[in-house]
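Here are a few notes to read with the model open. Have a look at it before going on.

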Amino acid sequence: MTDTILILNGPNLNLLGKREPHIYGTDTLEHIESLLLARATKLNLEIDMRQSNHEGQIIDWIQNPGDKSAGILLNAGAHTHTSIAIYDALKASALPTIEVHLSNPHAREPFRHRSYVSPVSVGIISGFGANSYLLALDAMANLLSA
Ligand code: DQA
């Protein structure tokens, strides 16, 4: 059975492409998904990419990842910096999680320096724009094959 990687995106990431392009780049989330699909095929993985502006929806997805899911890539958007509920959901999850950000939150406003996702993630990839997602998928493939 081919492993599926659940790729979860939080609030405002549906606006990628037109949202603060000097920070987040000009790629849309749909385009990033197409890049991830191509990379996943090469890595012999499947992906299931989702986006929600609602914290509870992200928690429901973490709680019910589906039988084929072997790992989670999570860009929780601003919930990264606020959500103890997402922290708790990840802590209860049996799946390895990699935290992903397009920008480097540590090079930005102080309120972005705290992450509730980092302590319950295997690792963090941030600051490489759309490529952060591809690097994270590579890292997950490596992790799962170890
Ligand atoms: C982000 C960084 C967060 O601080 C911000 O709230 C986002 C996007 C990123 O991918 O760089 O919405 O997660």
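Is the crossing of helix 2 and helix 5 right-handed or left-handed?

1. The crossing of helix 2 and helix 5 is right-handed (the near helix is turned clockwise from the far one by less than a right angle). Helices here are DSSP runs of H or I, at least four residues, numbered from the N terminus.

2. This is a predicted model: local features need pLDDT of at least 70, side-chain atom pairs pLDDT 80 or more, and totals for chains, interfaces and linings use all residues. Numbering runs from 1 along each chain as its sequence is written, and side-chain values use heavy atoms, without hydrogens and water.

3. Helix 2 (residues 29-42) packs on helix 5 (residues 131-145) at about 30°, axes 10 Å apart. Under 35 degrees counts as roughly parallel, so helix 2 and helix 5 are roughly parallel.

4. For polar contacts (N or O pairs within 3.5 Å), a side-chain N or O of N75 is 2.7 Å from a ligand oxygen. A backbone N or O of A78 lies 3.2 Å from a ligand oxygen.

Conventions. A polar contact is a pair of N or O atoms within 3.5 Å; within protein, one must be able to donate a hydrogen and the other to accept it, and residues adjacent in sequence count only if both atoms are side-chain atoms. Axes are lines fitted to C-alpha atoms, for helices over the stretch in contact, and angles run from 0 to 180 degrees between N-to-C directions. Helices (H or I, at least four residues) and strands (E, at least two) are DSSP runs, numbered from the N terminus. Angles under 35 degrees count as roughly parallel, over 145 as roughly antiparallel, 65 to 115 as roughly perpendicular and the rest as oblique.
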